[in-house]
Amino acid sequence: WRDQMKKFLEKYPLPISGLALGIATLGNLLNNYGTGYKVVSGWIAFIMMVILTVKILSNIEGFKKAMENPVISGGFATYSMAIIILSSYINNKSVGIIFWYIGIAIHVLLIIWFTLKFAVKKNITTVFTTWFIVYVGIVTATVTAPAYKMPQIGQASFWFGFVTYMILLPFVFYRVVKVKNIPEPAQPTFAVFAAPAALLLAGYMAKTFPEKNLAIVYFLLFLTVLLYVMVLVSLPKLLKLPFYPSYSAFTFPTAISALGLKLATKFLKESGANVAILAKLVSIAEIVATVIIIYVIVRHMMFMIADSQKN
């Protein structure tokens with residue numbers, strides 16, 4: 001039994017934290033259709049994160065080795081983001097806030113480590129869309145800050161994410177569109193382009209910012225729609241790639257895009273704007289996120305079953 005468990009943990013991929021984050025976000029997205037969706041999503045994401053934590057703690061050396069890869073270490077920021085999001089699922093807020101602080105602390109340490117390890121070396125070939133996850137991912141604290149009545153932390157996280165996003169966007173575009181030469185296992189991470197603007201939009205729509213600046217709302221909404229459509233158009237091609245654990249990169253971007261658009265549509269509707277077209281886009285985005293996340297869960301299960309049969 002121990003050998004079987006050891007083999008399972010070895011095969012359990014680090015990028016699965018991105019899928020756990022996507023599932024946790026989907027729970028929030030579908031919550032208004034029934035709390036059951038949120039409860040089921042929360043438990044699935046929680047179990048996945050517990051298994052991943054056991055994997056990391058049982059093989060620290062293997063974890064350190066994997067983190068030498070800029071795609072994996074950048075994508076691993078979804079681990080702390082998932083902790084931050086899942087903390088808000090806990091009904092007891094005095095327990096939830098402990099996990100919230102733990103998630104933020106891990107993410108801040110990861111930003112510092114990643115900056116010293118990769119960013120300061122100014123090597124364009126180590127730049128991937130996963131850099132967005134490291135620097136803009138802290139905005140999950142903005143989305144969840146109202147649950148803990150911590151607007152200052154939420155606002156500071158938002159502005160850090162916003163400024164770093166504006167700095168990173170041209171570099172990452174240049175790397176992906178001009179330099180290219182992205183290894184095939186990392187190609188699904190192209191979908192991450194849809195995540196940062198949508199996460200910033202969702203964060204700005206949260207009660208962390210009682211007063212909204214319409215210019216910021218429309219700017220983030222424009223970027224969210226533009227990059228979401230760009231990723232949506234590229235999805236059929238990306239889904240033709242052989243399965244890699246990096247398929248997890250399809251999940252959070254589609255879920256947070258739907259959530260960001262949904263929150264912005266609600267806000268603009270209450271402001272008296274005509275949101276008929278946006279409302280249709282939200283409906284499509286909700287369906288896309290749900291289908292993609294279920295598909296990626298199934299593909300991960302098939303991958304792990306096939307792997308275990310090989311051995």
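**Aromatic rings and the helices around them**

Guide: Phe114 is buried, its relative accessible area being 0%. The model is a predicted one, and Phe114 makes a reasonable place to begin, since the cut-off for buried is under 20%. The ring of Phe114 pairs with that of Tyr135 in an edge-to-face arrangement, with 6.2 Å from centre to centre and 75 degrees between the planes. An angle over 60 degrees is what puts a pair in the edge-to-face class. Tyr135 has a relative accessibility of 9% and therefore also counts as buried. Phe114 belongs to helix α7 (residues 93-117) and Tyr135 to helix α8 (residues 130-136), so their contact ties together parts 21 residues apart in sequence.

Helix α10 covers residues 151-179, and α11 covers 195-205. The axes of α10 and α11 are 10 Å apart and meet at an angle of about 155 degrees. Angles over 145 degrees count as roughly antiparallel, and α10 and α11 are therefore placed in that class. Their crossing is left-handed.

Glu211 has 70% relative accessibility and so counts as exposed, the cut-off being over 50%. Between the C-alpha atoms of Glu211 and Lys310 there are 57 Å, with 99 residues separating the two along the chain.

Aromatic rings also take part in contacts with charged side chains. Lys38 sits over the face of Tyr89, 4.9 Å from the ring centre. Arg175 is placed over the face of Phe128, with a distance of 4.9 Å to the ring centre.

Finally, there is helix α2, made up of the 15 residues 16-30. From first C-alpha to last, α2 reaches 21 Å, close to the 21 Å expected at 1.5 Å a residue. Of its 15 residues, 14 are buried, so α2 is largely enclosed by the rest of the structure. In general, an α-helix has 3.6 residues a turn, so residues three or four places apart point the same way.

Terms used: Residues numbered from 1 in each chain as written. Predicted model: local features only at pLDDT ≥ 70, side-chain atom pairs only at ≥ 80, totals over all residues. Heavy atoms only, no water. Helix = DSSP H or I, 4+ residues; strand = E, 2+ residues; numbered from the N terminus. Expected span 1.5 Å × (residues − 1). Buried < 20%, exposed > 50% of the residue type's maximum accessible area, 1.4 Å probe, protein only. Phe/Tyr/Trp six-rings, centres within 6.5 Å; stacked < 30°, edge-to-face > 60°. Lys NZ or Arg CZ within 6 Å of the ring centre and 35° of its normal. Axes fitted to C-alpha atoms, helices over the stretch in contact; angles between N-to-C directions. Parallel < 35°, antiparallel > 145°, perpendicular 65-115°, else oblique. Left-handed = near helix turned anticlockwise from the far one by under 90°.
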